[in-house]
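Reader: I've got a structure open and I'd like to learn how to read it piece by piece. Can we go through it together?

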Amino acid sequence: MILAYDEVIDFIAGGTTPQSVVDFRPSEDTKTKVADLIHRQKTESLTPDETAELNHYLQIEHLMRLAKARARQHLAQG
């Protein structure tokens, strides 16, 4: 869970532009971790901590989707 938060915090702290928000992608480690949690959620059960971790990842993903949509609006407006 900390990995995803750290990535987003570092990204924001490093200064952002609308284009950098649109271009942001999570690391391969984060993508692998989330994919594993989703797969395990569908095929077996997750611990309460793993469920909370997955929910945090999904919240971050939702936040970034909203930020990317807003950044695209800013880019379209010039």
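Reader: Let's start with F11. Is F11 buried or exposed?

Author: Keep in mind that this is a predicted model. To call a residue buried, you want its relative accessible area under 20%. F11 has 16%, so F11 counts as buried.

Reader: Where is F11 found, and what does F11 touch beyond its sequence neighbours?

Author: F11 is found in helix α1, which covers residues 2–13. If you skip residues up to four places away in sequence, F11 touches T16, S20, V21, F24 and M64. For V21 there is a distance too: F11 and V21 are 10 residues apart in sequence, and their C-alpha atoms are 8.7 Å apart.

Reader: Okay, next one. Where is the place of L37, and is L37 buried or exposed?

Author: L37 sits in helix α3, residues 28–43. Its relative accessible area is 0%, so L37 is buried. Once neighbours within four places are set aside, L37 is in contact with L46, E50, E53, L54 and Y57.

Reader: Which residues in α4 are buried?

Author: An α-helix has 3.6 residues a turn, so residues three or four places apart point the same way. In α4, the buried ones are E50, E53, L54, Y57, I60, M64, K68 and A71. Some of those names have come up already: E50, E53, L54 and Y57 are in contact with L37, and M64 is touched by F11.

Reader: What should the residues of helix α4 span, and how far apart are its end C-alpha atoms?

Author: Helix α4 runs over residues 48–77, which is 30 residues, and at 1.5 Å a residue it should span 44 Å. Its end C-alpha atoms are 44 Å apart, so the two agree. After α4 comes G78, with a positive phi near 90°.

Reader: Are A67 and A69 buried or partly exposed?

Author: Both fall in the middle class. A67, a residue of helix α4, is partly exposed at 29% relative accessible area. A69 is in helix α4 as well, and its 38% relative accessibility makes A69 partly exposed. Each has a distance to look at across the sequence. The C-alpha atoms of A67 and P18 are 8.8 Å apart, with the residues 49 apart along the chain. For A69 and V22, 47 residues apart along the chain, the C-alpha separation is 7.9 Å.

Reader: Now zoom out. How many helices and strands does the protein have?

Author: Four helices and zero strands, running α-α-α-α from the N terminus. The radius of gyration is 14 Å, well over the 12 Å that the globule rule gives for 78 residues, so the protein is more spread out than a compact globule. The C-alpha trace spans about 50 × 20 × 20 Å along its principal axes.

Reader: What about burial, surface and charge?

Author: Of the 78 residues, 26% count as buried. The accessible surface is about 5600 Å², and 57% of that belongs to carbon and sulfur atoms. There are 9 positive and 12 negative side chains, and the centres of the two sets lie 10 Å apart.

Key
Residues are numbered from 1 along each chain as its sequence is written. This is a predicted model: local features need pLDDT of at least 70, side-chain atom pairs count only at pLDDT 80 or more; totals for chains, interfaces and linings use all residues. Side-chain values use heavy atoms; hydrogens and water are left out. Helices (H or I, at least four residues) and strands (E, at least two) are DSSP runs, numbered from the N terminus. The radius of gyration is taken over C-alpha atoms; the globule rule is 2.2 Å times the number of residues to the power 0.38. Buried means under 20% relative accessible area, exposed over 50%, partly exposed in between (1.4 Å probe, protein chains only). Accessible areas come from the Shrake-Rupley method with a 1.4 Å probe; for residues, only the protein chains shown count as cover. Lys and Arg count as positive and Asp and Glu as negative; His and the chain ends are not counted. The place of a charge is taken as NZ of Lys, CZ of Arg, CG of Asp or CD of Glu. The expected span of a helix is 1.5 Å times one less than its number of residues. Contact means heavy atoms within 4.5 Å.
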